[in-house]
Amino acid sequence: MPSERRPLIAGNWKMNGLVADGMALAGDVARRYREAKSPAFDMLVCPPFTLIGKVAEAVAGSGVAVGGQDCHRDAKGAHTGDVSAAMLKDLGCRFVIVGHSERRTNHGESDADVRAKAEAALAAGLAVIICIGETEAERDGGRTLEVVRTQLAGSLPEVGDAAAVVIAYEPVWAIGTGRTPTNAEVQEVHALIRRELTGRLGADVANGIRILYGGSMKPSNAKELLALPDVDGGLIGGASLKGSDFWAIGESCL
Ligand code: PGA
């Protein structure tokens with residue numbers, strides 16, 4: 001990855017962790033990052049809502065950032081069970097993930113929903129990680145680039161600070177399966193995303209936007225994935241739940 005983009009290693013804990021586990025994991029990640037003394041990559045953990053406040057306290061001062069896994073499109077109101085971007089910010093979050101494929105599938109979120117959430121996040125002063133990626137049937141049907149282009153076009157915010165946007169390319173069939181695309185396939189999609197961003201936002205902005213790869217990233221494949229020219233970090237699920245594995249992925253950037 002080129003030096004103008006600082007790698008971002010982001011852990012998506014999904015619906016995992018009670019207080020004791022979450023505190024132990026956050027403490028471990030914070031200690032490793034602090035002891036590494038300003039490593040040349042950013043590190044982010046995205047715990048479930050219930051742990052965000054405690055995790056933010058546990059990592060405070062370490063340099064590790066905290067993020068949410070989703071937010072509502074509205075700032076407040078009658079939305080039982082939902083959480084707004086301002087609430088995440090209030091607890092110490094700097095990032096929020098939107099449009100994860102598990103949200104798109106399990107909660108029927110459309111590109112328009114994802115865009116509205118991304119705009120809400122930017123308006124609240126959060127950086128936003130927008131997830132896109134094809135299903136296995138779409139890849140087998142030769143539609144990967146078309147699907148990714150369409151999702152990106154529909155999910156990108158139309159207002160707000162584009163410099164606070166991060167894109168995560170996550171092939172749905174690679175999430176939690178141990179399977180990944182080839183390096184060439186990953187780079188092909190990331191290059192397409194960069195081209196689309198350039199067309200929309202201009203080269204200066206697009207060259208500063210980080211494009212993460214997600215889907216079965218682990219210590220054994222991280223180095224080669226993170227070395228691809230348009231891969232600027234990772235969004236890591238399973239391997240982010242073990243401090244030593246998550247840290248090993250971070251060190252693969254160096
Ligand atoms: P995984 O999940 O690393 O467990 O494949 C990635 C993600 O869903 O963000």
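Why does the radius of gyration of the protein agree with that of a compact globule? A compact globule of 254 residues would have a radius of gyration near 18 Å, and the protein has 17 Å, which agrees. The model described here is predicted.

## Overall form

Taken along the principal axes, the C-alpha atoms fill a box of roughly 45 × 45 × 35 Å. The secondary structure of the protein consists of eleven helices and eight strands. Of the 254 residues, 53% are buried. Among the contacts with a separation of 6 or more, 73% are between residues 24 or more positions apart.

## Surface and charge

The protein exposes about 10,800 Å², and carbon and sulfur atoms supply 52% of this area. The protein carries 27 positive and 32 negative charges.

## Cysteines

A disulfide is a covalent bond between the sulfur atoms of two cysteines. How many disulfides does a search of the whole structure find? The search finds zero. For C131, the closest cysteine sulfur is that of C46, at 9.4 Å. Because a disulfide requires two cysteine sulfur atoms within 2.5 Å, this distance is too far for a bond. C253 is likewise in no disulfide, and the nearest cysteine sulfur, again that of C46, is 16 Å away.

Both residues are also classed by their accessibility. C131 has a relative accessible area of 1% and is buried. C253, at 18% relative accessibility, counts as buried because the cut-off is under 20%.

## Two serines with positive phi

S38 has a positive phi of about 55 degrees although it is not a glycine. S216 is another residue other than glycine with a positive phi, in this case near 55 degrees. Each serine lies in a loop between a strand and a helix, as the table sets out.

| Residue | Phi | Loop lies between | Relative accessibility |
|---|---|---|---|
| S38 | about 55 degrees | helix 1 (19–35) and strand 2 (42–46) | 70% |

Key: Residues numbered from 1 in each chain as written. Predicted model: local features only at pLDDT ≥ 70, side-chain atom pairs only at ≥ 80, totals over all residues. Heavy atoms only, no water. Helix = DSSP H or I, 4+ residues; strand = E, 2+ residues; numbered from the N terminus. Rg over C-alpha atoms; globule rule 2.2 N^0.38 Å. Buried < 20%, exposed > 50% of the residue type's maximum accessible area, 1.4 Å probe, protein only. Contact = heavy atoms within 4.5 Å. Areas by Shrake-Rupley, 256 points an atom, 1.4 Å probe, with all protein chains shown as cover. Lys, Arg positive; Asp, Glu negative; His and termini not counted. Charge placed at Lys NZ, Arg CZ, Asp CG, Glu CD.
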